[in-house]
Amino acid sequence: METFTYYPGCTLRTKARDLDRYARSSAMALGISLEEPDDWQCCGGAYTTAKDEIATKLSAVRTLNAAKSVNRPLVTVCSACHNVIKQTNYDIIHDDEMASKVNNYLKLDEPYCGETTVYHYLELLRDVIGFDELAKRVVCPFKGKKIAAYYGCLLLRPSKALAMDDPENPSIMEDFIKAIGGTPVIYAQRNECCGGYITLEDKDQAAKRSGVVMRSAADQGADMIITACPLCLYNLKKNSGSELPVYYFTELLAEALGVKEENDE
Amino acid sequence: MNKNLKEQVLRSSGVNVLKCMRCGKCSGTCPSYDEMEYHPHQFVYMVERGDIETLMNSKSIYKCLTCFACVDRCPRNVEPAKVVEAVRLAAVRQQGNNHMTPAQIPEMLDDDLPQQAVVTAFRKYIK
């Protein structure tokens, strides 16, 4: 069994438990062991791009270094954590001044210089397990189900740092949908923003953005929409005014692998 | 024009505003376009002009969703979102100029709101 360091992040311990537990049970079913580092901290939710911000980047570096210290790749599943951690790693590698300031703050046993490989859980499925292999393990395929993948913004951009897929014409989630036996639905808004954290102070804007996304998916005949992001799920469900069901992709994965029921509390 | 502020924003963002060719792609693709008084392309040329305080006093700095659409879609790799971020930081770093306070948070919560939203807002609005 291959072992990876697994960073759940704050929301997966609270409002997004489903995203987390189905990720864990599916990984186990696929022969992957996910080990959480001790005492991890919240990633900060958003990457601060400013070059003169150092303290706000340290918690992500601590997580990256925790994976480095056990010599394992790091897996994230929340889109926001994935975005913050990958952008931090990218800047450590490409911005020497930022890297040296970060290391001055942290005083680690040895400096962290971007050694850790970071996978989003979807990349783990694509690049480590392989979608063809995943398809062979599926026991309850989503046959005939038209499933719309919602990438939003954080999974793909900035593409230079995230390097996950083509940011304008992605396929990783559609390939995932095919692997679990469903039919992917392509729609215009799949990689546009849901409104994100603006829901805190401007419900109208969040409603407008998430409504546009849901209508776009519904217009193309989707039966359901899947996401990797707790905040996208919230906006699409609560702010969009649409009845189209929204699920975490890990829930569908667990169901396809036949490990969903044993998990339900 | 406040030269020091301009230099601070340029240094903090790491953006070369002179690369902009005014095509407007950033504003055309911005999901917050309708909510903004000044749009991403205006941020870029107003910073070039040194008109930073006007931007700092505009609500537009709190409308950027950090979706990075303008960053990825700019044909000249100008990365306007980084300029917006640097201007917002110049504003909220001033004593007493936080855009949100912890005391305001409880009334914004509901049973489903992910922690991620609150954490992100703190990153964006508070210093």
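1. How many bridges join strand β1 of chain A to strand β3 of chain A? The model is predicted, and in it three bridges join β1 (residues 2–7) to β3 (residues 74–76), the two strands running parallel. One residue pair can be named here: A:Y7 has A:T76 as its bridge partner in β3(A).

2. These two strands belong to an open sheet of four strands in chain A, ordered β2-β1-β3-β4, with parallel pairing. The edges are taken by β2 (32–35) and β4 (118–120) of chain A; each has a single partner strand, so one side of each has no neighbour in the sheet. On average, neighbouring strands of this sheet are turned by 40° against each other, direction ignored.

3. Chain A has another open sheet of four strands, in the order β6-β5-β7-β8, and the pairing is parallel. Here β6 (183–185) and β8 (246–248) of chain A stand at the edges with a single partner strand each, so one side of each is left without a neighbour in the sheet.

4. A:I147 has A:P184 in β6(A) as its bridge partner. Helix α11 (residues 249–256) of chain A packs on the sheet and touches β7 (224–227) and β8 of chain A. The direction of α11 makes about 75° with that of β8(A).

5. The domain assignment divides chain A into domain 1 (2–121) and domain 2 (139–264). Taken over C-alpha atoms, the centres of the two domains of chain A are 23 Å apart. Contact between them involves 21 residues of domain 1 and 19 residues of domain 2 of chain A.

6. On the domain 1 side of that contact in chain A, α1 (17–29) and α3 (79–94) each supply at least two residues. The most come from α1(A), which gives eight residues. By class, this side of domain 1 of chain A has nine nonpolar, eight polar and four charged residues.

7. The largest nonpolar core has 122 residues. The residues with the most contacts inside it are A:A148, A:Y150, A:F176 and A:L236, together with B:F43, B:V83 and B:V87. As an element, α6(B) gives the most to this core, with eight residues. The core also draws at least three residues from each of domain 1 and domain 2 of chain A.

8. Leaving aside neighbours within four places in sequence, A:F176 is in contact with A:L122, A:L125, A:F131 and A:F249.

9. The contact between the chains takes 35 residues from chain A and 30 residues from chain B. On the chain B side, the elements giving two or more residues are α1 (3–13), α5 (69–73), α6 (80–92) and α7 (115–125) of chain B. Which of them gives the most? It is α7(B), with eight residues.

10. What is the make-up of the side of chain B that touches chain A, by residue class? Its residues divide into 15 nonpolar, seven polar and eight charged.

How values were computed. Residues are numbered from 1 along each chain as its sequence is written. Chains are lettered from A and ligands numbered from 1 in the order in which they are written. This is a predicted model: local features need pLDDT of at least 70, side-chain atom pairs count only at pLDDT 80 or more; totals for chains, interfaces and linings use all residues. Two strands pair if DSSP finds at least two bridges between them. Two residues are in contact if their C-beta atoms, placed from the backbone, lie within 7 Å. Axes are lines fitted to C-alpha atoms, for helices over the stretch in contact, and angles run from 0 to 180 degrees between N-to-C directions. Ala, Val, Leu, Ile, Met, Phe, Trp, Tyr, Cys and Pro count as nonpolar, Asp, Glu, Lys and Arg as charged, and the others, Gly among them, as polar. A nonpolar core is a set of buried Ala, Val, Leu, Ile, Met, Phe, Trp, Tyr and Cys residues joined through C-beta atoms within 7 Å. A residue is buried if 20 or more other C-beta atoms lie within 10 Å of its own, exposed if 12 or fewer, and partly exposed in between; C-beta atoms are placed from the backbone. Domain bounds come from an automatic or database domain assignment.
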